[in-house]
Amino acid sequence: MRKLSMDELGRKSVAAFKEAEKNRVIVVLDNIRSMHNVGSVFRSADAFLVEGICLCGYTPQPPHRDIHKTALGATETIDWIHFSSTAEAVLKLKEKGYQVFALEQAEGSILLGEFSAKNHYPLAIVLGNEVEGVDAEVLKLCDGCIEIPQFGMKHSLNVSVAAGIVLWEIVRNG
């Protein structure tokens with residue numbers, strides 16, 4: 001077994017990425033504090049060819065050295081927009097026909113393995129703050145909640161790890 005070279009990976013150029021058909025998913029970041037988390041979400045969004053990212057509230061915005069450090073160029077491929085509040089972003093996405101689901105442990109949440117993304121396109125996924133999760137007022141605006149099953153003691157994941165898991169499942173099953 002040998003590792004593939006960069007040439008063998010078939011990486012898209014920025015122009016080819018921009019022209020490629022995207023998965024009908026938008027990521028909404030609800031007051032994320034860490035620039036590294038923001039950059040990591042950009043990188044996962046690029047990996048799974050999502051439509052874009054909404055950066056809401058005090059979520060850091062490119063350009064910034066610490067975002068670029070983890071995004072590894074994904075801020076150049078992924079379209080993004082800033083909203084002063086997550087509620088504003090959710091309402092705008094719903095106006096455009098998106099079904100909006102929060103990634104949150106909540107009453108009535110749907111376990112990720114049981115969520116059928118193909119029945120909810122176009123789809124927006126709200127990822128919450130590292131400490132507080134998705135804001136309670138934003139949850140009220142969502143069409144539902146998706147939950148990643150967890151079996152250990154902590155029952156929480158880093159937001160960028162959770163983003164990678166949920167985006168992979170949605171793209172894989174969509």
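## Strand β7 and the cysteines

In this predicted model, strands β4 (residues 99-103) and β7 run parallel to each other and are joined by three bridges. Within that pairing, Ala-102 sits opposite Cys-145 in β7. Strand β7 also has a parallel neighbour in strand β5 (residues 110-111), with two bridges between them. Here Leu-111 has Glu-147 of β7 as its bridge partner.

Now let us look at the two faces of β7. In a regular strand, side chains alternate between the two faces of the sheet. Strand β7 covers residues 144-147, with Gly-144 and Ile-146 on one side and Cys-145 and Glu-147 on the other. Are these four residues buried or exposed? Each of them is buried, so both faces of the strand are covered.

Cys-145 brings us to the next topic, the cysteines. How many disulfides does a search of the whole structure find? The search finds zero. A disulfide needs two cysteine sulfur atoms within 2.5 Å. The sulfur of Cys-56 has its closest cysteine sulfur in Cys-54, 5.5 Å away, which is too far for a bond. Cys-145 is likewise in no disulfide, as the nearest cysteine sulfur, in Cys-142, is 6.2 Å away.

The table puts the two distances together.

| Cysteine | Nearest cysteine sulfur | Distance between sulfurs |
|---|---|---|
| Cys-56 | Cys-54 | 5.5 Å |
| Cys-145 | Cys-142 | 6.2 Å |

What about their surroundings? Cys-56 counts as buried because its relative accessibility is 0%. Cys-145 has a relative accessibility of 11%, so Cys-145 counts as buried too.

Conventions:
Residues numbered from 1 in each chain as written. Predicted model: local features only at pLDDT ≥ 70, side-chain atom pairs only at ≥ 80, totals over all residues. Heavy atoms only, no water. Buried < 20%, exposed > 50% of the residue type's maximum accessible area, 1.4 Å probe, protein only. Pairing = 2+ DSSP bridges.
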